[in-house]
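Dear colleague,

I am pleased to hand over the structure below for your records. A short account of the findings follows it.

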Amino acid sequence: MNEVVIATEYITIGQLLKEEGLIPTGGAAKWFLAETPVWVNDEQDQRRGRKLYPGDEIQIDDQVRLVIKAQEG
């Protein structure tokens, strides 16, 4: 499982997809989520604005598994 370290309180699913290189722009998140199953803490979610906090686990299409971590310091 890969870690995504964030320096802010949260990151949205759309921002995460863009940062991970799964979509080219934030605007592509809507279509990506309509076609690709994304699970947050074992619950499917298609909201690009869903806030992800440290400790959240994300699975994308049985291929990518991520966990959100807070930046230390």
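Valine 40 is buried, because its relative accessible area is 1%; buried means under 20% relative accessible area, exposed means over 50%, and partly exposed lies in between, with a 1.4 Å probe and protein chains only. Please note that this is a predicted model, in which local features need pLDDT of at least 70 and side-chain atom pairs count only at pLDDT 80 or more, while totals for chains, interfaces and linings use all residues. Residues are numbered from 1 along each chain as its sequence is written, and side-chain values use heavy atoms, with hydrogens and water left out.

Valine 40 belongs to strand 3; strands (E, at least two residues) and helices (H or I, at least four) are DSSP runs numbered from the N terminus. Not counting residues up to four places away in sequence, valine 40 touches Ile13, Asp45, Arg50, Leu52, Glu57 and Ile58, where contact means heavy atoms within 4.5 Å. Valine 40 and isoleucine 13 are 27 residues apart along the chain, and their C-alpha atoms are separated by 9.3 Å.

I turn next to the charged residues. Arginine 50 sits in the loop between strand 4 (43-44) and strand 5 (51-52). With residues up to four places away in sequence again left out, its contacts are Ile11, Thr12, Ile13, Val40, Asn41 and Asp45. The side chains of arginine 50 and aspartate 45 form a salt bridge at 2.6 Å, N to O; the term denotes a side-chain nitrogen of Lys or Arg within 4 Å of a carboxyl oxygen of Asp or Glu. Aspartate 45 also forms a salt bridge with arginine 47, whose closest N and O atoms are 2.7 Å apart. The count by this rule is 2 salt bridges, and a network of them links Asp45, Arg47 and Arg50. Aspartate 45 counts as buried because its relative accessibility is 6%.

Two residues in the loop between strand 3 (38-40) and strand 4 also deserve mention. Most residues other than glycine have a negative phi. Asparagine 41, however, has a positive phi near 50 degrees, and aspartate 42 has a positive phi of about 65 degrees. Asparagine 41 counts as partly exposed, because its relative accessibility is 34%, whereas aspartate 42, at 73%, counts as exposed.

As to the sheet, 5 strands form an open sheet in the order 1-7-6-3-4, with mixed pairing; two strands pair if DSSP finds at least two bridges between them. Strand 1 (2-6) and strand 4 stand at the edges with a single partner strand each, so one side of each has no neighbour in the sheet. Strand 1 and strand 7 (residues 64-70) run parallel and are joined by 5 bridges. Valine 4 is placed opposite isoleucine 68 of strand 7.

Finally, the largest nonpolar core has 18 residues, of which Leu16, Leu17, Phe32, Leu52, Ile58, Ile60 and Ile68 touch the most other members. Such a core is a set of buried Ala, Val, Leu, Ile, Met, Phe, Trp, Tyr and Cys residues joined through side-chain atoms within 4.5 Å. At least two residues of this core come from each of strand 1, helix 1 (13-19), helix 2 (29-35), strand 3, strand 6 (57-60) and strand 7. Leucine 17 touches Leu22, Ile23, Ala29, Phe32, Leu33 and Ile60, not counting residues up to four places away in sequence.

With kind regards
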